[in-house]
Protein chains: 2
Amino acid sequence: MINTDLDPLDREILKLLQQDVLLTNKEISYTLRKSIATVHERIRRLREQGYIKRSVAILDRKKINRSLVAFSQVLLNDHALSTLATFEEEVIKFPEVMECFQMTGTFDFILRIATSDMDAYHQFYRHKLATLPNITSIQSFFVLSETKSDTAYPL
Amino acid sequence: MINTDLDPLDREILKLLQQDVLLTNKEISYTLRKSIATVHERIRRLREQGYIKRSVAILDRKKINRSLVAFSQVLLNDHALSTLATFEEEVIKFPEVMECFQMTGTFDFILRIATSDMDAYHQFYRHKLATLPNITSIQSFFVLSETKSDTAYPL
DNA sequence: GTTGAAAGACCTAGTGA
DNA sequence: TCACTAGGTCTTTCAAC
């Protein structure tokens, strides 16, 4: 697919939808001084071409009993393809694991873990994460406060 | 406010909206075998009570030229309130900084940085991040691959 | 690519059960 | 909680520019 670059109107629409995807075409068209049909067509194209991957509700994690967030750095015994693949396959099955990235540097993976409290993290660590094969070390860091947490990319 | 706990219907609705917030009340009511009026009232309450914080479009970062993601661990010279506050105030102004968490452990903050490539990261590091006052050290790790990246909490 | 108009779908609030 | 209703809003399509 040709990477049809975004023009200024596309960018303005994406900025708005990154903040609030429930904005109506009418509201957007008013804000950007374009017709409803134009806005509608642009958004249809942005979805079809994959610029907009998903539209999701963001929950307040403290209200649903996920007050503790940890980042866990995992180092594996070796880097055989099967070792990496097995770790990835298994770790993403844990519901506590919100994100898993393979990394450059002094460890192999970084995980973002969300649990209700330290006790729940401990249970997760001891009975789930640490039981996976080929793990050399796990180092965990806990979030004290969220200074900024944004899903919107500047455009 | 009393923390009115979520009942099974609330949880099912939140599960669906975390995956796709554009589902119509009609579709949800069909899936969960409830009336549209019931679904409508539940969602209204979930928003009002703050369970649903925001509804956002998630973009494909590779398509908008943010291919490189880094985690940067920052250690400050001291932990005076003003030192912490100044760092936070300044760092969240950088558009490359998607997230900033104050952490427990051997460093003070972890940042998630999104840039177009390593050169852009280098520019950010050299001319923005490293110029902030009272920084002792910055250690950066780069994402090789995204194994899992979810905004939806299991319920 | 953009526009206005028109038809159909959906939202929302209300009533009564 | 549900079924039903009705007015108002929004989506989606399309011929025309």
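The largest pocket of this predicted model holds about 830 Å³ of space, where a pocket is an open set of points on a 1 Å grid over the protein atoms alone at which a 1.4 Å probe fits, with protein on both sides within 12 Å along at least five of seven lines. The volume is the space filled by probe spheres set on the points, which are joined across faces, edges and corners. Lining residues, meaning those with an atom within 4 Å of a point, number 35 for the largest pocket, and Glu99(A), Thr151(A), Glu99(B), Arg112(B) and Thr151(B) lie nearest its centre. By type, the lining divides into 13 nonpolar, four polar and 18 charged residues; here Ala, Val, Leu, Ile, Met, Phe, Trp, Tyr, Cys and Pro count as nonpolar, Asp, Glu, Lys and Arg as charged, and the others, Gly among them, as polar.

Both chains contribute strands to this lining, with at least two residues each from S1 (52–59), S3 (97–103) and S5 (135–149) of chain A, and from S1 (52–59), S3 (97–103), S4 (109–115) and S5 (135–149) of chain B. Strands (E, at least two residues) and helices (H or I, at least four) are DSSP runs numbered from the N terminus.

The helix pairs are set out below, with axes that are lines fitted to C-alpha atoms over the stretch in contact and angles that run from 0 to 180 degrees between N-to-C directions.

| Helix pair | Angle | Axis distance |
|---|---|---|
| H1(A) and H2(A) | about 130° | 11 Å |
| H1(A) and H3(A) | roughly 80° | within 10 Å |
| H1(B) and H2(B) | about 125° | 11 Å |

In chain A, H1 (residues 8–19) packs against H2 (residues 25–32) at about 130°, which makes H1(A) oblique to H2(A); angles under 35 degrees count as roughly parallel, over 145 as roughly antiparallel, 65 to 115 as roughly perpendicular and the rest as oblique. The crossing of H1(A) and H2(A) is right-handed, that is, the near helix is turned clockwise from the far one by less than a right angle. Contact, meaning heavy atoms within 4.5 Å, joins Leu9(A), Glu12(A), Ile13(A), Leu16(A) and Leu17(A) of H1(A) to Ile28(A), Thr31(A) and Leu32(A) of H2(A), and these residues comprise six nonpolar, one polar and one charged.

H1(A) also meets H3(A) (residues 36–48), with a crossing of roughly 80°, and the two helices are therefore roughly perpendicular to each other. From H1(A) come Leu9(A), Asp10(A), Ile13(A), Leu14(A) and Leu17(A), which touch Thr38(A), Val39(A), Arg42(A), Ile43(A), Arg45(A) and Leu46(A) in H3(A); seven of the residues in this contact are nonpolar, one is polar and three are charged.

In chain B, H1(B) and H2(B) are oblique to each other and pass in a right-handed crossing.

Most residues other than glycine have a negative phi. Asn65(B), however, has a positive phi near 70° and is found in the loop between S1 and S2 (68–76) of chain B, while Asn134(B), with a positive phi of about 65°, belongs to the loop between H5 (118–127) and S5 of chain B.

Residues are numbered from 1 along each chain as its sequence is written, and chains are lettered from A and ligands numbered from 1 in the order in which they are written. Because the model is predicted, local features need pLDDT of at least 70 and side-chain atom pairs count only at pLDDT 80 or more, whereas totals for chains, interfaces and linings use all residues, and side-chain values use heavy atoms, with hydrogens and water left out.
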